[in-house]
Amino acid sequence: MRFIRDSGMPAENKRGVPVKKYVLKRFLQMIPILLGISLLIFFLFAMMPGDYFSSNRKLTPERLNELRALYGLNKPVIERYFIWLKNAFHGDFGFSLQHMLPVTTLINRYIWNSFIISFVALFFTWALALVIGVYSATKQYSFFDKLVTLGVFASLSVPSFFIGLMMIKFFGVDLHILPIGGMLDTGSNSVGFAYLLEVLRHMIMPVAILTILSVGSLTRYFRTGMLDVLRMDFIRTARAKGLKERTVIFRHALRNALLPAITLLAFELPGLFSGAIITEQIFGWPGIGKIQLDALNARDYPVLMTLTMFLSFLTIFGNFLADVMYAAADPRIRIAKKE
Amino acid sequence: MEEPIIRVNHLQTYFYVDSRISRAVDDVSFSIPKGKIVCIVGESGCGKSVTALSLLRLISDPGKILGGEVLFQEQDVLKMNTKDLHNLRGNQISMIFQEPMTSLNPVFTIGRQIVETIVEHTLLDEKQAWKKAVGLIERVDLPRAEQIMTSYPHELSGGMLQRVMIAIALSCDPSLLIADEPTTALDVTIQAQVLDLLKGIRDESDMSILFITHDLGVVAEIADYVIVMYAGKKIEEAPIIDLFQNPRHPYTKGLLKSRPIIGQHQDRLYSIRGQVPDLSELGQNCYFCDRCEECLDICKEKYPPYLSDGSQHNTACWLYEKGELNESASGTN
């Protein structure tokens with residue numbers, strides 16, 4: 001396929017300034033939103049009855065008061081908010097009493113485990129959904145398309161815990177080809193490349209589950225998007241121009257069908273770090289999902305608050321990225337902002 | 001008609017919707033002479049556009065071209081392999097459409113969309129193609145060609161976009177241009193300019209044009225020959241002057257009567273009663289009989305054959321069966 005450049009197009013000169021302005025404006029808009037969210041999150045958690053110490057029945061009321069004073073829990077909520085905000089600006093998000101670790105250290109230790117399986121799963125989900133979705137759209141109502149539709153609904157309706165356990169039984173217990181859980185073999189002390197391979201082997205099943213869970217809806221999404229675009233007038237024009245079907249599909253249709261997916265991709269950003277609670281539980285994966293659940297049970301609020309705040313930030317940042325990418329990919333957006 | 005550039009024989013394009021068959025184009029034959037403009041007229045849903053799209057095999061599901069042949073340079077377009085077909089489209093036969101606003105890809109610049117066509121069909125490299133594209137934009141009378149080349153479709157008006165479409169259509173010097181209601185979505189002044197442009201191009205390059213429209217004003221402006229379609233059938237065909245002066249089929253007469261006449265006050269404009277029949281529920285009768293003011297008994301039983309008396313003016317109507325080409329039939333006009 002020959003690639004045609006918009007040769008001689010002074011893109012930067014023509015549109016550079018409004019785009020920069022637009023990006024800056026959108027970026028600055030994030031600050032008040034984040035402050036608002038921090039306020040909301042802090043007060044919601046402050047309103048929850050009890051704290052980390054209230055579930056410990058061995059503590060005398062005097063000791064309880066002492067501890068609360070020590071950790072600043074007896075101050076007015078407003079004051080506590082500003083103390084928390086000030087510390088947060090210095091990168092200090094509090095201390096997890098449950099784990100006896102600073103929250104940032106704790107999260108940093110586990111969140112990347114979640115990230116790695118989410119990221120690989122996301123990659124496979126998008127790659128598969130894109131290929132299958134686009135292909136089945138070009139062959140609408142064919143046998144392949146019907147098979148895909150069946151697969152989509154199967155993937156949407158099978159619960160992860162069930163299929164996860166089935167996979168463990170089949171691949172782990174019966175066939176002995178995959179580890180049944182965890183991130184490393186028991187008592188493993190492998191390093192370097194061997195370590196990498198070990199993690200990869202353990203990743204296969206959780207990644208497969210996560211991919212199966214989300215590939216269905218995304219395939220459906222791409223198929224519908226592509227079908228919509230294929231019905232458009234400009235596709236007929238492209239065909240009437242004598243372009244090869246491949247060029248029509250991949251140059252003219254796909255580019256338009258992918259535009260709405262930008263938003264979708266940006267929304268995946270928080271999902272990369274939020275951890276998959278059920279899947280991590282089934283496979284004993286040391287991810288952030290389990291930490292969150294434990295923190296909730298133990299009322300370890302600094303951990304929960306930090307995670308909630310972090311995911312909110314990622315959501316907002318994802319939105320910002322979506323807007324910027326959209327402006328870069330769709331020429332119509334820029335003009336709308338200029339006028 | 002002298003040396004036709006394309007000859008369409010017994011074209012049949014049906015649509016299969018909900019297990020019913022819509023005969024959108026049913027046994028339509030015509031040919032287009034070199035350097036002439038042939039208009040197909042008719043109401044909405046009479047099969048004009050489907051005829052046009054069928055010539056380039058641009059019919060997509062649930063439509064299907066069932067039969068007939070489209071002979072272009074002694075080759076049947078309907079039987080061509082994909083490679084030849086792609087080589088034909090946009091190169092020897094090109095097409096422009098009704099909605100210029102949606103007919104261009106919104107995410108590519110105008111320049112890229114013209115260059116793409118030229119690069120596909122010629123041996124020019126991108127730089128040469130770019131130069132040629134600028135020339136084409138100037139040829140369709142658009143100012144500031146370089147600026148338009150780097151614009152996106154949404155930055156131009158409908159009239160400008162239709163000119164761009166024409167520029168794309170002309171990019172490989174086709175011998176036939178199919179124009180599917182190219183002026184319908186434009187306002188009247190722009191419409192006249194686009195018609196002038198098309199006529200000018202025809203005069204310059206001796207290109208043939210198949211022009212689809214429902215607007216008799218446009219027909220009068222541009223056509224050399226006229227084909228009238230009704231419910232998927234060709235019902236009358238004549239050179240332009242003949243058709244306007246001496247229409248034969250009652251439907252054609254009705255169409256001509258429903259035009260407002262400038263300078264003549266009418267309280268109520270004439271209209272043909274009823275509406276186009278459902279194309280999936282056609283019987284053996286003449287499809288126009290229930291709307292026809294001159295309906296005969298036989299019309300309700302049998303569809304009239306298309307009569308060719310050797311002249312260029314032919315029609316499918318029982319009134320003219322048995323060679324009775326009586327002028328009295330048009331006396332009501």
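**Domains, helices and a sheet in a predicted model**

Visitor: Which domains does the domain assignment of chain B give?

Guide: Domain 1 of chain B covers 4–92 + 172–330, and domain 2 covers 105–171; such bounds come from an automatic or database domain assignment. This is a predicted model, in which local features need pLDDT of at least 70, side-chain atom pairs count only at pLDDT 80 or more, and totals for chains, interfaces and linings use all residues. Residues are numbered from 1 along each chain as its sequence is written, while chains are lettered from A and ligands numbered from 1 in the order in which they are written.

Visitor: How many residues of each domain of chain B take part in their contact?

Guide: The contact takes 13 residues from domain 1 of chain B and 14 residues from domain 2, where contact requires C-beta atoms, placed from the backbone, within 7 Å. On the domain 1 side, the largest share, 4 residues, comes from helix H7 (residues 188–205) of chain B; a helix is a DSSP run of H or I of at least four residues, a strand a run of E of at least two, numbered from the N terminus.

Visitor: Why is H7(A) called oblique to H9(A)?

Guide: Helix H7 (residues 192–230) and helix H9 (residues 245–274) of chain A pack at an angle of about 130°, their axes 9 Å apart. Axes are lines fitted to C-alpha atoms, for helices over the stretch in contact, and angles between N-to-C directions run from 0 to 180 degrees. Under 35 degrees is roughly parallel, over 145 roughly antiparallel, 65 to 115 roughly perpendicular and the rest oblique; H7(A) is therefore oblique to H9(A).

Visitor: What makes up the contact of H7(A) with H9(A), by class?

Guide: The contact of H7(A) with H9(A) has 7 nonpolar, 2 polar and no charged residues. Ala, Val, Leu, Ile, Met, Phe, Trp, Tyr, Cys and Pro count as nonpolar, Asp, Glu, Lys and Arg as charged, the others, Gly among them, as polar.

Visitor: Which element gives the most to the side of chain B that touches chain A?

Guide: Of the 35 residues of chain B in contact with 25 residues of chain A, H3(B) supplies 8.

Visitor: Why do S6 and strand S11 of chain B stand at the edges?

Guide: The open sheet of 7 strands in chain B has the order S6-S7-S8-S3-S9-S10-S11, with mixed pairing. S6 and strand S11 (314–315) have a single partner strand each, so one side of each is left without a neighbour in the sheet.

Visitor: How do you know that strand S3 pairs with strand S8 of chain B?

Guide: Pairing needs at least two DSSP bridges, and 5 bridges join S3 (residues 37–41) to S8 (residues 208–213) of chain B, which run parallel.

Technical notes. Contact = placed C-beta atoms within 7 Å.
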